[in-house]
Amino acid sequence: MALISTQKPSILSEDVQEDFLKLGGEGIAKCYQCGTCTAICPNSEQQTVRVRRMIKRIQLGMKNSILGDPTPWTCYFCGDCNATCPKEANPGFIMDSARKYQIINYSVGKLGKLFYDKVYAALALVMMSAVAIFGITTWPSNLSGLNFKEVDIYSFMSSELIHEIGLWLLAYVVLVTLINVISMYRYTKNTIGIGKSTKISNWLRELINVIIREGLFQLRLKCQKGNNYRYLAHLSIFWGFVLTFAATGTHFMWLILYPEAKEPSYVTNIARILGIIGGVLLIYGSIYYIVHRAKRDEEYAKRSFLPDWWLLSLIIIIGVTGFFTTIGIYANIPLLTYASYGLHLLSVFYLIVSAPFSKLAHLVYRTLALWFSKVWEGEL
């Protein structure tokens with residue numbers, strides 16, 4: 001397997017390695033390129049695994065090649081490489097740190113760094129909270145007219161206001177993600193796609209294949225043989241987000257199609273059913289990962305980092321507050337409903353603002369990386 005690249009190291013290797021040390025990839029100093037990680041990887045049964053190539057690029061400080069290598073996204077961290085590495089270099093954690101490194105460097109001004117350092121993350125949390133409080137207190141709302149006699153969820157915040165804020169946040173996520181994805185494409189094109197041309201029909205065919213197999217069903221996670229529970233938990237979180245997004249989208253679509261009409265009960269009920277199912281899936285998946293990360297009883301869970309707990313904490317809070325809000329509505333408990341709903345909306349705000357840089361962005365980056373790999377390297 002060729003490890004030679006036509007690109008020259010863009011910065012000193014010590015600088016790149018220092019970044020990886022901060023991100024949890026200290027094993028790069030131990031690796032001596034034996035190739036065990038490449039040979040043991042379960043994904044080697046269906047593709048040419050390039051873990052060794054990626055680690056070599058990190059050791060050489062080849063920043064452009066590191067950012068253009070899709071290898072980290074082909075890894076679902078089954079842990080076999082960590083368990084068998086003769087130097088205890090923990091290649092799985094190196095791949096994890098490589099994913100973080102790419103997310104940070106794809107973002108404009110390395111803004112993604114805000115969510116991968118404890119100090120920066122604390123500052124980001126303070127800033128997001130300040131923006132949320134400022135928005136609630138200055139944006140036209142109904143907070144002064146809360147109905148405590150009976151639950152009126154829209155006396156807390158009108159549906160029009162929520163949808164308006166939602167549209168702004170959606171525009172933000174789409175714009176920022178698009179900028180990051182363009183950066184990813186350019187690096188990947190210059191690393192594995194340089195000099196290669198592919199028909200548009202191939203691009204479309206492989207995109208559909210990747211979206212179905214890896215986006216919708218996460219089939220590569222089955223590489224961790226004998227652990228269907230982790231696969232189900234991972235899939236539950238994905239579909240939990242899909243269904244809760246669909247629940248919110250149901251309200252959005254009604255407001256867009258019929259802006260002056262009152263939302264009928266069947267639309268509300270459909271949204272609530274989707275939200276409840278999605279909430280159950282989110283809670284199940286997040287509890288699974290929280291328990292195993294706390295117990296450290298699986299290879300991937302032996303070390304957890306800030307991004308892991310950030311996403312899991314938000315998911316569990318969003319799921320639980322969503323249920324308490326629903327209980328409060330049906331049991332007619334205004335204080336419980338408004339308190340839960342407020343915390344729910346705040347957590348959703350945190351989740352959306354951090355989405356382009358957090359582990360939630362893995363869905364986009366992994367899908368694209370596998371797509372690019374299939375088109376330019378001819379395999380998944």
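## Asp308 and Lys359

Asp308 pairs with Lys359 in a salt bridge, their closest N and O atoms lying 2.7 Å apart. A salt bridge here is a side-chain nitrogen of Lys or Arg within 4 Å of a carboxyl oxygen of Asp or Glu. The pair links distant parts of the chain, 51 residues apart: Asp308 sits in helix H13 (residues 306-331), Lys359 in the loop between helix H14 (334-354) and H15. Helices are DSSP runs (H or I, at least four residues), numbered from the N terminus.

Asp308 has a relative accessible area of 6%, so it counts as buried. Lys359, at 23%, is partly exposed. The cut-offs are under 20% relative accessible area for buried, over 50% for exposed, and partly exposed in between (1.4 Å probe, protein chains only).

## Model and numbering

This is a predicted model: local features need pLDDT of at least 70, side-chain atom pairs count only at pLDDT 80 or more, and totals for chains, interfaces and linings use all residues. Residues are numbered from 1 along each chain as its sequence is written, and side-chain values use heavy atoms, with hydrogens and water left out.

Lys22 forms a salt bridge with Glu18; the closest N and O atoms are 3.8 Å apart. Both residues lie in helix H1 (residues 13-22), four residues apart, about one turn of the helix. Lys22 is exposed, at 59% relative accessibility. Glu18 is partly exposed, at 41%.

## Arg50 and Glu377

Arg50 bridges to Glu377, with 3.6 Å between the closest N and O atoms. This pair also links distant parts of the chain, 327 residues apart. Arg50 lies in the loop between helix H2 (36-40) and helix H3 (51-60), Glu377 in helix H15 (residues 362-377). Both are buried.

## Whole structure

The whole structure holds 14 salt bridges.

Technical notes: Helices (H or I, at least four residues) and strands (E, at least two) are DSSP runs, numbered from the N terminus.
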